[in-house]
Amino acid sequence: MPELVFFRRGEEVLRVGLGRERMVLGRGEKSDVVIPDPEVSRQQVALVFDGEQCTLEDLSGKGTQVAGAAMSKGVLADGSDIALGQWRAVFRLHGSGQSEGPTEVGSRTEVQPRDSASRWQPAQVRIKQGSNESIRKLSSDGDSFTVGKDPSCDLVIQDPFISGRHLKVTRRDGHFHVVDTNSTNGTWMGSVRVYEVLVGLPTTLRLGETDLILEPITPTRKELSFHGIIGSDPSVRQLTELIERVAPSSAAVAILGESGTGKELVARALHECSHRSDKAFIPVNCAAISKELIESELFGHEKGSFTGATNARKGAFEEADGGTLFLDEIGELPLDLQAKLLRALESGEIKRVGASRPAHVDVRVVAATNRDLLAASREGRFREDLYYRLCVVPLHLPPLRNRRGDILSLADHFLRTYSPRGQTVRLTPSAVERLQQHTWPGNIRELRNVVHRALLLRKGSNIDAADITFDQEVNRETGVSVPELPPGMTLEQMLLKLERQIVEAALRRYNNNRERVARELGVARSTLFKRLKEWGLTKQEEESE
């Protein structure tokens, strides 16, 4: 199969197979192969292969340099060199002959420059399936690995759309030689199906519902992850050590921390590190269920035990039998149910609503709250005996503002989680600085939302500081949005700025009617005019008035 081999600054970038359909090279997005170079026309040249020879047709109107001479239309000889700005494409009548051939052109292929600085970089492959990720480190040149469902592969991936032996990747001179080994559903780079290609870092390959991301190992990528808990802060390391020590026991654990610090993630880590990991993990949010239904949710009910109980139903305790029950927002549990929960913890006995006999279950209970349960017990809002029964082992989660060194690792994790498939999006230095300066009242949950929103609102391929917007706190009494005080600005300066913004918005809303604006804002006309004069928003005749 004939092919075009693209070079930039003497370095091979990509191989593109030539089929029998007309292929257009150019800078415009409608070209089959997009070359991001201002010296290249939107549609520079068209190539047509008829099975025996390849014909080139210049579309720019200026002629295309082929083998050092301008060509308007003609047949390409084997080895012909086509100049395309900083790029050059070499036509090969017979491709490399390996596997099925080089890259097959899809709806759009973009030639991406590869930085020669990546030649000797330490590298890794990140395997991403939804929110699950794992990493395989890559050694020096010559390292290769096979990918597929077959147990004999170096990288075994369970994906219904991946073949037994799907792909082989070999590192060569800092690049990666990717060969699809006759897979059924193919290997893809964006919208392009790849059969054989040389790529640099970073590159994302798509296999079925799995992404393989070939990437450099950089300081921002060095993260410590423990069952999804990301961070290298001493408080996080202490937390993970406690989880490992406590998990094998059946002792009740209370997870204490502010909202958004990842309490359910810690509960799942406790379950996964325990001897119960092969059994069910059942989460229940006590604050999200009405008082009338919470007993049935926890303990189940018999048929006909109350209006609407048309069938018998297991509760969370029975569903978690042998496993772990996670009770989030335990401080919201009604007092009458706290006594029944205490009985279940002490004896292992539960009783469905409407049942005549109790049942025995083997459940490990992990509770979580952002409230001070000890203070609540002293005030009579939470049973003291239940407090001490739940808090056999308390785990305290630090707020994000106390572990700022982990902000970048967490942001990087959310970037990989929410980035569009086949794309690698990064934070610019100014964006990183903006994230580091924020106080994070919503903790990790807020960071996740901020990164997700920035991915949707970004204007370029990377996220810049201007793409990042923070959640605003809302005053519960007035409903007025209260912006965060920018660094280096005093409260007085901020108030003056807000005053001017409010007045300018009112002027636009009421079509510059000063009388109406003064009346709506509840200020004297003279006061409004004075402010407008200070801000330079008056006309010359008004100033003389």
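A: Two strands pair if DSSP finds at least two bridges between them. Helices (H or I, at least four residues) and strands (E, at least two) are DSSP runs numbered from the N terminus. This is a predicted model, in which local features need pLDDT of at least 70 and side-chain atom pairs count only at pLDDT 80 or more, while totals for chains, interfaces and linings use all residues. Residues are numbered from 1 along each chain as its sequence is written, and side-chain values use heavy atoms, with hydrogens and water left out.

Q: Which residue is the bridge partner of Gly-148 in E16?

A: The partner of Gly-148 is Val-156. Strand E15 (residues 144-148) and E16 pair in the parallel sense, over 2 bridges. Both strands belong to an open sheet of 5 strands with mixed pairing, in the order E16-E15-E17-E18-E21. Its edge strands, each pairing on one side only, are E16 (155-156) and E21 (196-199).

Q: How is a pair of aromatic rings described?

A: The description uses the distance of the centres and the angle of the planes. Rings of Phe, Tyr and Trp (its six-membered ring) pair if their centres lie within 6.5 Å; planes under 30 degrees apart count as stacked, over 60 as edge-to-face and the rest as tilted. The structure holds 4 aromatic pairs. In one of them, the ring centres of Phe-281 and Phe-326 are 6.2 Å apart and the planes stand at 20 degrees, so this pair is stacked. It links distant parts of the chain, 45 residues apart: Phe-281 lies in strand E27 (residues 281-285) and Phe-326 in strand E28 (residues 324-328).

Q: Is Phe-326 buried or exposed?

A: Buried means under 20% relative accessible area, exposed over 50%, and partly exposed in between (1.4 Å probe, protein chains only). Phe-326 is buried, with a relative accessible area of 1%; Phe-281, at 13%, also counts as buried.
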